Protein chains: 2
Amino acid sequence: MTAPARRGRPRSEDADGRILEAARELLFARGYDQFVMDEAAVRAGVAKTTLYRRWPTKDHLLVALVAKIQDEVPVDDTGDIRGDLNVYLTAIVTGLNRMRRVGRTGDHDDRSAGVIAELVAAAARHPDVGEAVRGLFARRNTLVLALLDRARERGALRAGTSSTVLFDQLAGALYYRLLVTGEPIDAAYVEELVDHALAGAGATPRPERT
Amino acid sequence: MTAPARRGRPRSEDADGRILEAARELLFARGYDQFVMDEAAVRAGVAKTTLYRRWPTKDHLLVALVAKIQDEVPVDDTGDIRGDLNVYLTAIVTGLNRMRRVGRTGDHDDRSAGVIAELVAAAARHPDVGEAVRGLFARRNTLVLALLDRARERGALRAGTSSTVLFDQLAGALYYRLLVTGEPIDAAYVEELVDHALAGAGATPRPERT
């Protein structure tokens, strides 16, 4: 959610927020192929020049939108690393599953990665989009890596566990299913994945359910 | 490598092999953007109609080429699951690293996923390409999943280890670096990843090097 415009807030920030909200509505209504920059400007009530000066292509704008959506997912540290990872990764999966279906017809067997795959390709094709995407993930992932570091420091993960490798195993499995194999991802899968990965990091096994 | 044409081999299979070899040469010489179907037909010495009847678009043809390249990587079972995974995944990484640089200028800081990302997007965009890509990975991954199953059955992995989840963590980490974060992937990373993932599966730790 964007906070309502406040007095004293810079006008450019207001415009950015309005553009991103307009972009979100348009993307979820239309999908990637039918997303048109000029319509985003009209819907946001800004001049086209304002939009294009800030984000020169739809890929640049959509990367900024994905950054905003990711930033809405909190990284909480309750002291229970298993629980915290489950909550965080399930929220990420929910967002990815919603995003992959954007603009696609309702066939529930549709295994396409949709707009996520388009952004991956845009990142590969355009160096500046690539830099933006990698910067976005680096910034977000720093929060989760710090969560894993703290868990290791308090002894909840084995000394010597690499937070980076552990996080690659977790996030990687999700994106692999999304982008490559098309296998479904749900909360039960996230739980199994976290259990497997944490066992490798020497975490105390999850208590049996009674 | 394609076996030389033999007497009695169906002509269409000869043509397929020649087309795929021509496509490989063209792709590695030119890259994805500059890859032109008609040139592949000329180079292979087949009629354009033969090419398009078999593979209607360049994405279809390139998925078949990736399948062929993947099939050239053997999945060996020597009874040493750690060693076998390291050999297999390092071979996959070598192929991916070569492929991502295809047709790109030699900047060694280039972190683009290149043609791999284009194929991921093509798979997301076109249902039949998606089906071909997912079928290709499912077929290949079956071999590695069987390798993991056998390791579990002989007690090298903890009973109850899910081969699927374990493999998702391994392959996923590699593709996540390739497609999302752009972090480098080399043999040392593969070794660390395999160690982490196998620790989660209860494998005997790697002996310290002396």
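1. Let's start with the two domains of chain A in this predicted model: their centres, taken over C-alpha atoms, are 26 Å apart. Domain 1 covers 13-54 and domain 2 covers 66-200.

2. The two domains do touch, with 8 residues of domain 1 of chain A in contact with 9 residues of domain 2 of chain A. Between them they bury about 850 Å², and carbon and sulfur atoms account for 72% of that. On the domain 1 side, the residues losing the most area are R24(A), F28(A) and Y32(A), which together make up 66% of what that side buries.

3. For the polar side of this domain pair, you will find 2 salt bridges and 1 residue pair in polar contact, both residues at pLDDT 80 or more. The domain 1 surface facing domain 2 of chain A is made of 4 nonpolar, 1 polar and 3 charged residues. K68(A) and E21(A) form a salt bridge, with 4.0 Å between the closest N and O atoms.

4. Now to the chain pair: 41 residues of chain A are in contact with 41 residues of chain B. The buried area here is about 3400 Å², 60% of it from carbon and sulfur atoms. R134(A), Y176(A) and H196(A) contribute 20% of the area chain A buries against chain B, more than any other three residues.

5. Across this interface there are 4 salt bridges. D168(A) pairs with R177(B) in a salt bridge whose closest N and O atoms lie 2.8 Å apart.

6. Which helix of chain A gives the most to the side that touches chain B? Helix 8 does, with 15 residues. By class, that side of chain A holds 20 nonpolar, 12 polar and 9 charged residues.

Terms used
Residues are numbered from 1 along each chain as its sequence is written. Chains are lettered from A and ligands numbered from 1 in the order in which they are written. This is a predicted model: local features need pLDDT of at least 70, side-chain atom pairs count only at pLDDT 80 or more; totals for chains, interfaces and linings use all residues. Side-chain values use heavy atoms; hydrogens and water are left out. Domain bounds come from an automatic or database domain assignment. Contact means heavy atoms within 4.5 Å. Buried area is the accessible area (1.4 Å probe) that two parts lose on being put together, summed over both. A salt bridge is a side-chain nitrogen of Lys or Arg within 4 Å of a carboxyl oxygen of Asp or Glu. A polar contact is a pair of N or O atoms within 3.5 Å; within protein, one must be able to donate a hydrogen and the other to accept it, and residues adjacent in sequence count only if both atoms are side-chain atoms. Ala, Val, Leu, Ile, Met, Phe, Trp, Tyr, Cys and Pro count as nonpolar, Asp, Glu, Lys and Arg as charged, and the others, Gly among them, as polar. Helices (H or I, at least four residues) and strands (E, at least two) are DSSP runs, numbered from the N terminus.
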